[in-house]
Structure formats: structure tokens, C-alpha cells
Amino acid sequence: MIIVPGRFIYLFTPRTASRATERAFLEHVPEALISNKHHDHPRDIPNIGLPVYATIRDPYEQALSWYWVYRNRYSVSQWVHKSPPGRRWIQKRMNEYDEYVDAYFVYEDGIERIFKTLALPGVKVGKVGVSGTDKSLLDEEARAAIDDVLEYDVKLYKRICGARDRLTQ
């Protein structure tokens, strides 16, 4: 979490280029205060009357990004439904964030958009860690598993984006 005093609070959500975003804040916004934990729980947000922002990502892409490390051991649907190591992403679902967030940025619109929208123009985001998101892995079974486990996230993403066609096809 980052607090820019008198302006806003920005929550880092998993698998949304949050490390690169954090580095950009640190480099370009000297007054930014960074929390000790990278992915704070939303209940840890101080109630100081500032708007709270976060980034949301296509849930299918997000799941594939987490899955990439385990791709040789499980199918996507097995990985989503079972509890193999590394499935901690499931513990940070967007329903935990939604009641605290005033507005979302959409990951697929680009990270620089965060800074432009927050009146911090000229901020360049450095290298973003890239995990594979091989869309061919999203067969019908995998999509159904993600729909089942991340139902809230899928609905929230559709609401934020305003259209089904924004979701991974």
C-alpha cells in the first residue's frame, strides 16, 4: 500500500505489476509513504479520509499468471480446484478489496495510466515482471474452474470494464 499524503491511498493487488508500480512511486513521488507489507489486507487501510485506488486484472489472465510456475505439474483446472503449493493467490481475491476501494484501474489499460489519471504525468514504469499467460491453457474446463472459484472477481471485472469482450477470449 502507498499513501500519498493529502491525495490518495493505492492498494497493491496481486499479479498486477505491483512491484513495478511501487518502484515508480518511490522514484517519482518522493512524498509517497510505502507500507511495510507489499500486499496489505484492505482492513489495514488507515481511515484518513483519502480515496482508495487499486488495480484489477482480467481474472483468467491473473490465474494463468500464478499458474505459470506450476504448469508442468497440474492442469489449470486441477491447480485452481486443488490446493497445490503456490495457490496463495486464491487467498487475495478481489472481494476482500472491493468494499474498501473507491475506484479501480484496469491492468490491461497499462500501468502508466495510473499515474496519468492521478495527476502524476511523466512517470515511466520500469520493467514489469512477466509470467506466462498462455491462453491456449484456458480450455472449457479451466475457464469453468476459474469461473467457479473466482466468481466474484469475474463479476467485478465485468462490472469495472463494462463489457464481456474485455475478458480473455
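How many salt bridges does a search of the whole structure find? Keep in mind that this is a predicted model. The search turns up 3 salt bridges, and we'll visit each of them.

Start with the sheet. Select the strands and you'll see 5 of them in an open sheet, ordered β3-β1-β2-β4-β5, with mixed pairing. β3 (33-34) and β5 (103-106) sit at the edges with a single partner strand each, so one side of each has no neighbour in the sheet. Now zoom in on β1 (residues 2-4) and β2 (residues 8-11): they run antiparallel and are joined by 3 bridges. Pick I3, and its bridge partner in β2 is I9.

Next, select helix α1 (residues 18-28). Its buried residues are S18, A20, T21, E22, A24 and F25, and they pack against β1, β2, β3 and α5 (112-117).

Move on to helix α7 (residues 151-161), which lies across β4 (52-56) and β5, at about 90° to β5. Two of our salt bridges are here. Select K155 and E151: their side chains meet at 2.9 Å, N to O. Both lie in α7, 4 residues apart, about one turn of the helix. K155 is exposed, while E151 is partly exposed.

Then pick R159 and D98, whose closest N and O atoms are 3.3 Å apart in a salt bridge. This pair links distant parts of the chain, α7 and helix α4 (residues 95-98), 61 residues apart. R159 is exposed at 54% relative accessible area, but D98 is buried at 15%.

Last stop: R57 and E61. Their salt bridge has its closest N and O atoms 4.0 Å apart, and both residues are buried.

How values were computed
Residues numbered from 1 in each chain as written. Predicted model: local features only at pLDDT ≥ 70, side-chain atom pairs only at ≥ 80, totals over all residues. Heavy atoms only, no water. Pairing = 2+ DSSP bridges. Helix = DSSP H or I, 4+ residues; strand = E, 2+ residues; numbered from the N terminus. Contact = heavy atoms within 4.5 Å. Axes fitted to C-alpha atoms, helices over the stretch in contact; angles between N-to-C directions. Buried < 20%, exposed > 50% of the residue type's maximum accessible area, 1.4 Å probe, protein only.
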